[in-house]
Amino acid sequence: MIRKYRFGKPIPTDAVVKELDVQDTLPELFEADDKHIRIELDKDDIVYGLGQAVRGLDKRGYVYNSICSDEFMHTEDKTSLYGAHNFLLINSLDRTKSFAIFIDTPSELSFDVAFTNTSEINIDIKHSSYDLYVIKADSLPAIVAEFRELIGRSYIPPKWAFGYGQSRWSYNNADEVREVVRGHRDNGIPLDMVYLDIDYMDSFKDFTIDEEAFPDFEEFVNEMKSEHIHLIPIIDAGVKIEAGYDVYEEGVKEGYFCKKADGSNIICGVWPGEVHFPDFLNADARKWFGKKYDFLIDKGIDGFWNDMNEPAIFYTKDSLDTALDKMKTYKSEDINIHNFFTLKDMIANLSNNREDYKLFYHDYKGERYSHELVHNLYGYNMTRAAGEHFDSLDKDILMFSRASYIGAHRYGGIWQGDNHSWWSHIKLNMSMTMSLGMVGFLFTGADIGGFSSNTSPQLMLRWLEFGIFTPLMRNHSAIFTRQQEAFRFDNMSQMRDIIRIRYAMLDYIYEQFKSAVEANSLYMRPLSFDYPDDMIARKIEDEILVGDSIMIAPVYEQNATSRYVYLPEKMKMMRLSSPENIYEEVLEKGHHYIEVAMNEVLIFVKEGKDFVLGEANEYVD
Ligand code: MIG
């Protein structure tokens, strides 16, 4: 049962797809007003939720901020990442008391989840006005299903998008891409996608191609198709300011860019240099931008990733000008330790400065809103621009994005952003994938091997051993880091065998993913969902149920060759080092300490459930 409460005059978000009557009596344990919600927690309550956020699966014990942020250091002290997913699911020991809440507001809010007070959740809604949904049902899966029904069906990508993808920021030309494809094909490493980062564009302009680096792009797309490779180009939010560039000129002419109070288009700095930001909240601008993807679709492209859409702002022209003027005054001053830091901070604070969100406006549903008030809807509506256009075509197109709000899950997936080549980020990938499913983002995955920092052969291998189960399976790394394509490592043949396991499981993964979408259930979920009365299973965060039949227990510690596994019921353990090398053993319910050699994956099959491996092809289609 879902109950809706309204505080103030909320700005619509289009997150939910169902109209509900507004109630007036809040449930027990709740206190709420325009700016604040307080919920009492029992000492044994587990608090799931928040989709994309740092720390473990149980969010209890920290404070999180819902404000879409270009955050490239996913350390434990961070309070926000790229998405705003205002959903909490309280798992109570007394099953009948479990419930979930969704706070629907496009502006910033903070969740103090038993951080200040150990037995309370305190939520501060910065700009007041919101819809509160309270969802009750008799089990965790039923609560999630009701919520997901409220927010609408999740996006399903084409089947080939469940294959393996290779990406890197700095595939600089067609020959480098060819080398990557050869490296996989020659070594029998399955591959379906190669991603193109901003390097393929002409001067980082959306919907252009660097003709020197990628001569005859259409022909190249075809060549790749003949190798069964889909090229997946990136699209950034900002549009370069450049006379003669059609996207820029049309946007200016039609008034589709975000404006300052004086009516001029705001000028910001991102990769292309100075840009304008399309007003994705404006339905006409959305339609216009969506059609622009045809430039690449007409050349045979059938997948995209949308980036920098929090939006990420390196600087605004105004703030940079002010800083440059201020710099001049420093020239005539003695620099001492105090003004040195003021100077240093002044430059550092130019990037992703929240004050800048007050400087521009959106034309949204017939009203003008300060960006600050609708910030969390920006990335969502960029995904929607693409998704709505793709829906109008008779083609299956892969789409995933960086920034998001609940609702965007109907138009595309998300990847988990700029993680690091750290062991702790395998763990973060595990918990985030489960939390994201709860809020509808079933199609998700992290940069396997880690985006920033240098990966190691072992980290890469272990990460793949988990990554073969995530819906989006993409190896991606940053420019200037160690090359991390599987074929570059001396343990390449082990990586190949692990990736081949993914392909042998492909039908299982695809079918289970689709049925999770249809049933509004979780493709990846914690044990507590299936074993609610098992007090040990309830607290376990590093074993994951994947689809109906299996449970996994990934290794995420350096040099570990064994790990603790709790079995909530008798299961068949499969220990695989390739689709052909499988050792099987039936293990009893209870505590186990299990060996997992560096090149092995553990899969536990539930009793009475089917799990069959198919053939491991080198590509899906
Ligand atoms: O400021 O396009 O998260 O995946 O490789 C960095 C370059 C911009 C951030 C994305 C990352 C991508 C990178 N982008």
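About 330 Å³ of space lies in the second largest pocket, so let me say what a pocket is: on a 1 Å grid over the protein atoms alone, it's an open set of points with protein on both sides within 12 Å along at least five of seven lines. Grid points are joined across faces, edges and corners, and a volume is the space filled by probe spheres set on those points. Lining residues are those with an atom within 4 Å of a point.

Quick housekeeping: this is a predicted model, where local features need pLDDT of at least 70, side-chain atom pairs count only at pLDDT 80 or more, and totals for chains, interfaces and linings use all residues. Residues are numbered from 1 along each chain as its sequence is written, and side-chain values use heavy atoms, with hydrogens and water left out.

Back to that second largest pocket. It has 17 lining residues, and nearest its centre are Glu28, Leu29, Lys97, Phe99 and Lys136. Two elements give two or more residues to this lining, strand 3 (36-40) and strand 11 (130-136); strands here are DSSP runs of E, at least two residues, numbered from the N terminus.

Now the largest pocket, with a volume of about 530 Å³. Its lining has 28 residues, and closest to the centre are Asp70, Phe72, Met308, Arg402 and Asp418. Strand 14 (230-236) and strand 18 (303-307) each give two or more residues to that lining.

So what sits in the largest pocket? The ligand does, and "sits" means that more than half of its atoms lie within 2 Å of the pocket's grid points. Around the ligand there are 13 residues, the closest being Asp197, Asp307, Arg402, Asp418 and His476; to count, a residue needs a heavy atom within 4 Å.

Let's look at some polar contacts, meaning pairs of N or O atoms within 3.5 Å. Aspartate 197 has a polar side-chain atom 2.5 Å from an oxygen of the ligand. For aspartate 307, a polar side-chain atom is 2.8 Å from a ligand nitrogen. Then histidine 476 has a side-chain N or O atom 2.9 Å from an oxygen of the ligand. On its own the ligand has 350 Å² of accessible area, and the protein covers 95% of that, going by the Shrake-Rupley method with a 1.4 Å probe.

Last, the cavities, which are sets of points where a 1.4 Å probe fits but cannot get out. There are five of 30 Å³ or more. The largest has a volume of about 80 Å³, and helix 12 gives the most to its lining, with three residues.

Terms used
Polar contact = N/O pair within 3.5 Å; in protein donor to acceptor, adjacent residues only side chain to side chain. Helix = DSSP H or I, 4+ residues; strand = E, 2+ residues; numbered from the N terminus.
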